[in-house]
Structure formats: C-alpha cells, structure tokens
Amino acid sequence: MTHTCKNLLIRCMDFRLNAEVKRWTKESELFEGGFDIVSVAGACKNLADGSEEIKESFLGNVAVSVDLHKAEKIIIFHHSDCGAYAQSYDFSSIEEEKIKQIEDMEKAKEIILEKYPNVEVVLVFGTMKDGEGREVDFDIIKY
Ligand SMILES: [Zn+2]
C-alpha cells in the first residue's frame, strides 16, 4: 500500500488565511497531485532564523513529506501582516515586511535544497487585501 502526494505546502498558521488558501489550493495547478501541509506561525521564519534544534524539528516535517510521501515540490507561502513577524520586527512599511520575509523564504529554500537537492521549491507571497483575509493575492516570487 502506498500513499503519496506530489507537493508540500508550508504555510503560516494564521486562521485569517484559511478560506483563501483553500480556494487557492483548489484552483492553482501548483497543487496538482495532492499536497501535505505544514502549518506553523510565520511559515518558514523558524527555519530561517530559529535555533539548530528548531530547524531540525522543522526539517523533520519536511522529511516525512519528501521521504515518505515522495513530495517533489515544496511551496513556501508567506503573507503580509504576519503576526509572527510583527513579534520580531517593527516594520515601517508593508514593503519592508515583504522584503524581510522574502529574504527568509530564500534562506529557507537554500536550507531545504541543501538537504533535498532534487525537490523544486516555489516561493509565494500573499498580500492580504484587508485585515480579515477576505481576499488575498497570491504572487509567485520570480527571479
Ligand atoms: Zn503569519
């Protein structure tokens, strides 16, 4: 008996995102083949700036998805107005917050690729159009 899926979504736990993330994962071809979810405060923030112990624990979740479920693509999803970032930083603008988060997402991508060089990592930043998360724009970070 095998149970596998193609993708892993690493997202922030923020409840305000739930409805829009549900819509996005249904509509976007990024999630074809099914997906696991790692849902933690700040998404990859702890992987980028946490202690070695926290990073190991985080990567343990990634390991279950990649090694056991055979996920081939990891979608890292961060969002604006993130409480986990607000606890650590005092951003003066939305743009500044986004720059810092993308920096962390790129750091997390590097750490993941070091361990799993064959996976594809996609970075997505969600801009919340209002405080309640009724509408979120999902933008793939392009280089
Ligand atoms: Zn958040």
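Q: Which residue is the bridge partner of M128 in β5?
A: It is V136. The model here is a predicted one.

Q: What makes β4 and β5 count as paired strands?
A: Pairing needs at least two bridges between the strands. β4 and strand β5 (residues 136-140) share 5 bridges. They therefore count as a pair. Their sense is antiparallel.

Q: How do you know that β3 and β4 pair?
A: Strand β3 (residues 73-79) and strand β4 (residues 120-128) are joined by 7 bridges. The cut-off is at least two, so they pair. These two strands run parallel. I76 stands opposite L123 in β4.

Q: Why is K70 called partly exposed?
A: K70 has 13 other C-beta atoms within 10 Å. Exposed means 12 or fewer, and buried means 20 or more. The value 13 lies in between, so K70 is partly exposed. K70 sits in the loop between α3 (52-68) and β3.

Q: Why does D81 count as partly exposed?
A: D81 has 17 C-beta neighbours inside 10 Å. Buried would take 20 or more, and exposed 12 or fewer. So D81 falls in between and is partly exposed. Its place is the loop between β3 and α4 (83-88).

Notes
Residues numbered from 1 in each chain as written. Predicted model: local features only at pLDDT ≥ 70, side-chain atom pairs only at ≥ 80, totals over all residues. Helix = DSSP H or I, 4+ residues; strand = E, 2+ residues; numbered from the N terminus.
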